[in-house]
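Student: Could you take me through one part of this model in detail? I'd like a close look at how the strands pair up in its sheets.

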Amino acid sequence: MKRHQTIQPRWATLSAALALIIAGNTANAQHTENGIGVYYGIPDPSNHGILSGQSPYIVEIRAKNTTTWLSPHVFYQRLNSTYASGSHEVNQRYYENLWSCSHSYVNFEMSQAAEIRITKRVGNIDSQKTKIHPANKVTAISFGTNSMTFEMPVACNIAVDIDGKMADRPHNAQGNPAGLNPVDTLSIHGNPPIPDKPTLGSSDVLAVDPNPNPNVVSKPPENFTQGTMYFKPGIHYIGNNFKIYTGKKYYIPGDAIVYGT
């Protein structure tokens with residue numbers, strides 16, 4: 001499935017666990033300025049430890065050649081596992097080599113080139129080891145003591161390896177991470193506008209309310225008469241084997257998250 005597109009898949013079901021963040025067009029962002037639309041968070045993010053806590057990074061965004069920085073919410077989750085104690089909470093099931101790692105991410109909407117500034121909350125940034133992947137998606141990279149800036153000419157998705165921790169992490173012969181070396185990963189998702197974004201309240205749109213409790217799965221109807229299923233802002237758990245129908249559209253805006261298998 002591609003980011004920021006309505007989904008018309010050929011598959012009968014979603015075949016793997018997913019956590020999708022898909023941004024809509026600039027009219028859907030919580031705040032838009034100079035062609036840059038940002039989100040300031042989602043309703044009830046505490047949700048049993050999911051997306052709770054503070055990211056190690058501050059991310060600011062502005063349109064190129066402008067002066068006003070916007071400060072979107074940095075979505076964040078640290079992957080602490082309870083497997084060792086014998087407890088298997090539904091949101092704590094991770095491979096051992098991911099324990100204590102974290103992921104931070106920002107999704108925003110852009111109709112023109114953007115400038116991005118990342119600031120590390122604690123400590124300095126190693127300018128020699130910090131890399132952006134894919135490297136050809138950004139330009140004009142510069143570093144301060146504890147920050148870095150770069151330009152994103154067009155909408156794209158990138159990963160920022162702060163201090164080269166991903167590159168330096170030891171791996172075994174199979175290429176998998178070896179040992180418990182926590183890494184704080186960061187990804188930035190610049191999304192183009194969607195020209196045909198569905199509208200809440202339309203007769204052809206089925207609105208799905210958030211369901212933030214992973215232990216009480218309240219599935220939206222799999223077979224619905226409207227043309228588009230619209231997941232409203234917040235966290236949604238759709239459970240196992242949720243069917244995706246050919247010819248239907250499924251819309252997830254930038255302030256909604258859907259977990260399912």
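Tutor: Let's begin with E13 and strand E14, residues 228-231: the two run parallel to each other and are joined by four bridges. For one of those pairings, look at Val 205, whose bridge partner in E14 is Thr 228. Keep in mind that this is a predicted model.

Now widen the view. E13 and E14 belong to an open sheet of three strands, ordered E13-E14-E16, with parallel pairing. Strand E13 (205-208) and strand E16 (249-251) are at the edges with a single partner strand each, so each has one side left without a neighbour in the sheet. On average, neighbouring strands here are turned by 20° against each other, ignoring direction.

For the antiparallel kind, go to the open sheet of four strands with the order E4-E7-E10-E9. Its edges are strand E4 (57-63) and strand E9 (139-143), and each of them pairs on one side only.

Zoom in on the E9 end and you'll find E9 paired with strand E10, residues 147-152, in the antiparallel sense, over three bridges.

Terms used:
Residues numbered from 1 in each chain as written. Predicted model: local features only at pLDDT ≥ 70, side-chain atom pairs only at ≥ 80, totals over all residues. Heavy atoms only, no water. Pairing = 2+ DSSP bridges. Axes fitted to C-alpha atoms, helices over the stretch in contact; angles between N-to-C directions.
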